[in-house]
Amino acid sequence: MSMLVSRAPRPWPLAALLIGLALAATVWSLSRLLPLSDWLTLLSATDVVDMRLLIATQSFLPRVAVSLLCGAALALAGAIFQQVLRNPLAAPTTLGIAAGAKLALGLATLWGAPALLSFGRDGVAMAGGVIAMAATMALAWRRGLSPLAVVLAGMILGLYCGALSVILLLFKEHYLTGLFIWGSGSLSQQGWDVVQGLGWRLAVLAICAGLLLRPLTLLTLDDAGARSLGLSLQLMRLAALTVAVGLTAVVVSLVGVIGFIGLVAPAVARFAGARRLGAQLLWAPLFGAALLWLTDQSVQIFDGPAGSLLPTGTVTALFGAPMILWLMRQRIAGGLAAAEARTEWRIPRPGLLLSALAFGLAVLLALALTLGRGPDGGWSLAFGAAFVDLSPWRVPRTLASLCAGAMLGAAGTILQRLMRNPMASPEVLGISAGASFGLMAVLFLTSVASRDLQILGATLGAGAVLVAMLLLGRRSSFSPERMLLTGIALGALLDALVGALAASGDPRAMLLMTWMTGSTYGVDWVQMFWAAGAAALLLALAPLALRWLDLIALGDAASTALGLRLSLVRLLLLLLTAGLTAAGTLVVGPLTFVGLMTPHLARLLGLQRAAPQLAGAVLLGALVMVSADWLGRIVAFPWQMPAGLIATLIGGPVLMTLLARR
Amino acid sequence: MNPRLKGVHLKEMTRRQLAAGLAYTTLVPRAAQAKPLRRLASMDYGLAETLICLGCPPIALVAAQDWNRWVVEPPLPETVVNLGTSREPNLELLQALKPDAILSTPYLAGIHHRLEAIAPVVSLPLYVPEGTPLALAEAAARKLALMIGAPEAAEALQAQEQACFAEARARLAARAHMPVFLVNLMDERHVRIYGAKSLFQDVLDRIGLRNAWTGATNYWGFATVGIEALQHYGEAQLVYFDPVPPGVLASLARNPIWNALSFVKAGHVCGLPPALMFGCVPSAMRFARLMAERLPKLERR
């Protein structure tokens, strides 16, 4: 935690304000439901027959209780995660628990054996969350469960589970809308079952958290210091994480995915002055409960648009995103976890490896263009006239995938070097989220969304976010932490909105999902040339930045000393990344994985300096996307799986194996 | 369908093509003036079921594997080629099948430019803000009948439809005093409820039932609401459609609000086999028939 803050405000005024607002909203809502004069009957009524009374006692009040319990539990989990992982951005969802639970529930809904069902929905979700956590831990085990390794493994696992859930949805769309409602965190209640279930589970876990207070305090020391005090680091971390995962899993399984509270509440508590661990564990849950309560009451007052259901979990993101942006103007105590210094393996002759990659890409390209499936499902090679016939369906999407993959690989490399954060990826900039917002606007504001309009909307959205990021970034001289936070906030907002749209059952949401999953289906010649042009132009600019990228890796002080004008360099690099991301995203959807994965892969292959890493990531990005597009076209013929999802499915395990091995 | 019977049926249709083409030239897409379009690929379940009932099943359909889960009736001939997902029909496959025309809806406007490269796209609106789905479906049936060169098939279908609605109306007269909720159970706490601007609302109007849900609905005529929104003063009945997610019925039985709903207490809750809520005339008929078969049985419980 930062020692820089001298003034230590007390948390209670802000807490009192939030609670007061929530209470006022609750009283107002309840008085609309039931006149004040009838409130006494709430307490005395034994045989409830009046429907209004029933709704007040069995729906409204349990909902208040659930919002309080969930908010407190998620905030407590968030506080523990942030403490253990030493990362103010760690949240219950960063471990992949929510995604794992969601996936388990989806699988059980579709192929749920009766045994699973007798186990209950909550049991299934819980199992999924625990398995996801165990997998995250296993992936980070070899690296001593170091904070960074855990977060990285968790995020990758989360993305992977998310991708699998989406595949389920693409194939079984009608059946899983219920899952979406759950996934976007609707708090509506009918009875006190959920409250009771949450209550005793959370009580047990909160007591465990209390017992862990002392060991956790010691963990705020650095590793060596804590070890010298005789603590088994791994064991303590594991215990603390288990409690936090338990808290998350309970909420996720019984109520749904409410992501932002666990991130925001500890931050708010910190901002309000609760900085020491003990104070955090007390105040973060309090703020979490108040925030979710207030959010949920506001949701009930300002009901969703006609015919749609506005899940509270979505609105916490709508609240949460601006709050993060606001928080960023303050100093958030505790910087981002810096990348651990490791001696990296370096390949002696990178040129040879790069040539091999390029050759591989050429072979793959030839295969992808000629090999396909015939009407009867059999394999067929297309040459000559047959190839010309098929070319409109194969050439544009394959080449556009290639360009997009290359651009995203480059964007990811630049971003990760620029921010010196291995979690950075093009989506972190929020540009792809912006493009998605634009597309969403077009889909929902016009009744006939033609392709041109869709492209226009996505471009404008990407541009708007870019401008906003630049304005915001200039104020903070483009500090990586702030940009990262902004991007994450936007990404969460997008996730939440899409989730809410899908929960409302609006068929247009499926179109959006299709694009979000990285489908190259709609790519035609025009789009292909456009993508190729953008790739040629932007990738030609990248080599100009190589010296900066090498220098900037030395750290702010060193690179300034070596004559780099940091804010100018950052601005230019961000512009380039934004361009690469927007162009790539427009073609193949807001994939995050290629941009995240390929710079890592290049490094793991021994390409450490900027130039070879960039070239490697570009080639690898192209390789991954071309094979993803091809596989998506042929594997489940006549179904086509979106290239973005396939990229995730191919890349995820590769990256996870590499992570686990090192 | 028996393939042999189908052959006879089709041949009979073909003889009538000429007259049809001459009679309705102004209304028919230009391609159909020269010769009827019989090899049709459908991007929509509703249009496909209409084609089957008109006697000219599509040669290819999206998501054909889920037909029995959502549509059931009329049965899908086994010869229909599955084109894959509804938003991304397989274009290589579609091109290889060489359809005369591709039937679609404005919902897929985003990919029409791709489909146009294979065959003319006939986009029939089934959901537009100013129309009612059943009337639009009837119009679509007439248009399709002209396209395939069998306008009298549309008349036959309409007669069938009217007879079906009339019969349902008669059989349901005893229950017409009770408004009805039409829902899909989404999970333990939420339902998707069909109201104004939905296909089933139009059918209710025609078979003399009142919809108990008068709240707002979206573009497609439904709303997603919590179960507590179903409170109703006075007698009502509730119809839920299969498929129901596993475990939901058991969970509802323990739900105090569900159990306090007037129609639940009165036992006026009835499950219906699947009927396509976004379908056309055949689905409307199936819905009316299922209602007429199942709802009156409730009384005897």
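Author: Axes here are lines fitted to C-alpha atoms, for helices over the stretch in contact, and angles run from 0 to 180 degrees between N-to-C directions. This is a predicted model, in which local features need pLDDT of at least 70 and side-chain atom pairs count only at pLDDT 80 or more, while totals for chains, interfaces and linings use all residues. Residues are numbered from 1 along each chain as its sequence is written, with chains lettered from A and ligands numbered from 1 in the order in which they are written.

Reader: Why is α13(A) called oblique to α14(A)?

Author: Helix α13 (residues 261-272) of chain A and helix α14 (residues 277-301) of chain A pack at about 120 degrees, their axes 8 Å apart. Angles under 35 degrees count as roughly parallel, over 145 as roughly antiparallel, 65 to 115 as roughly perpendicular and the rest as oblique, and α13(A) is therefore oblique to α14(A).

Reader: What makes α18(A) largely enclosed by the rest of the structure?

Author: A residue is buried if 20 or more other C-beta atoms, placed from the backbone, lie within 10 Å of its own, exposed if 12 or fewer, and partly exposed in between. Twelve of the 15 residues of α18(A) are buried, so the helix is largely enclosed; among them are A:Phe437, A:Leu439 and A:Met440.

Reader: Why does B:Ala63 count as buried, and why does B:Lys98 count as exposed?

Author: B:Ala63 has 21 C-beta neighbours inside 10 Å and therefore counts as buried, whereas B:Lys98 has 11 and therefore counts as exposed.

Conventions: Helix = DSSP H or I, 4+ residues; strand = E, 2+ residues; numbered from the N terminus.
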